[in-house]
Amino acid sequence: MRKTLINPSTENIPAAEPDYLDLEQLARVEISSECPGYPIESALAGDAETGWRAAGPGEQTIRLVFDQARTIKHIFLIFDEQEQSRTQEFVLRWRGDGEDFFRDILRQQYHFSPPSAGREIENYSVDLKQVKALELRIIPDINGGEARATLTRLRLSAR
């Protein structure tokens, strides 16, 4: 048997996790509602697994307003639903510095079917410059049910 050792290719080494922005220090958050015990801070900072939950059913808005305009290159989201089957839709939008309107980044639907499909993980590469506000709108059940919106994690990176 002939054998040769080779150096592993750097192409197979996964890229490092992005440095996530410290949203508590860089932005103000505006929310349409919040359930006690599930504050928005749980979804935006730290390693808490509880995340945020709306106080009631219906469309919800989470808006980050930055103190200074930022560049955003990655948006990472996790949504969890362990209680009921439902189809959720969310829209990500952004507003540039000096602008008074929002632009859509994307709109997406996902069908939760616990326990086998109770988690949605999204990781988007974007190229947004001079971002003054980022908005996440969640319709927890496109069929109008009584489901409440949840967000386990939201992270942003400038790299």
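Q: Helices are DSSP runs of H or I with at least four residues, strands are runs of E with at least two, and both are numbered from the N terminus. Which helix holds Glu-41?
A: Glu-41 is found in helix α2, residues 41–44. This is a predicted model with residues numbered from 1 along each chain as its sequence is written, and side-chain values use heavy atoms, without hydrogens and water. Local features need pLDDT of at least 70 and side-chain atom pairs count only at pLDDT 80 or more, while totals for chains, interfaces and linings use all residues.

Q: How many helices and strands does the chain have?
A: The chain has 2 helices and 8 strands. Along the sequence they follow the pattern α-β-α-β-β-β-β-β-β-β.

Q: Why is Glu-41 called partly exposed?
A: Buried means under 20% relative accessible area, exposed means over 50%, and partly exposed lies in between (1.4 Å probe, protein chains only). Glu-41 has 43% relative accessibility, so Glu-41 counts as partly exposed. Across the chain, buried residues make up 43% of the 159 residues.

Q: Why is Ser-125 called exposed?
A: Ser-125 has 63% relative accessibility, so this residue counts as exposed. Ser-125 lies in strand β6, residues 119–139.

Q: What does Ser-125 contact beyond its neighbours within four places in sequence?
A: Ser-125 is in contact (heavy atoms within 4.5 Å) with Lys-73 and His-74. The C-alpha atoms of Ser-125 and Ile-72 are 8.8 Å apart, though 53 residues separate the two along the chain. In the chain, 74% of the contacts with a separation of 6 or more join residues 24 or more positions apart.

Q: How do you know that Arg-63 and Glu-135 form a salt bridge?
A: A salt bridge needs a side-chain nitrogen of Lys or Arg within 4 Å of a carboxyl oxygen of Asp or Glu. The N to O distance here is 2.6 Å, and the side chains meet in a salt bridge. Arg-63 lies in strand β3 (residues 60–80) and Glu-135 in strand β6, so the pair ties together parts 72 residues apart in sequence.

Q: Are Arg-63 and Glu-135 buried or partly exposed?
A: Arg-63 has 22% relative accessibility, so Arg-63 counts as partly exposed. Glu-135 has 1%, so Glu-135 counts as buried.

Q: What makes Glu-89 and Arg-107 a salt bridge?
A: Their closest N and O atoms are 3.0 Å apart. Glu-89 lies in strand β4 (residues 86–96) and Arg-107 in strand β5, so the pair ties together parts 18 residues apart in sequence. Glu-89 is buried, with a relative accessible area of 12%. Arg-107 is exposed, at 52%.

Q: How many salt bridges does the structure hold?
A: The structure holds 15 salt bridges. One of them joins the side chains of Glu-99 and Arg-103, at 2.4 Å from N to O. Salt bridges that share partners also join Arg-28, Glu-30, Glu-59, Arg-63, Arg-93, Glu-135 and Arg-137 into one network.

Q: Where does the chain have a cis peptide bond involving Pro-115?
A: The bond from Pro-114 to Pro-115 is cis, with omega near 5°. Most peptide bonds are trans. Pro-115 is in the loop between β5 (103–112) and β6.
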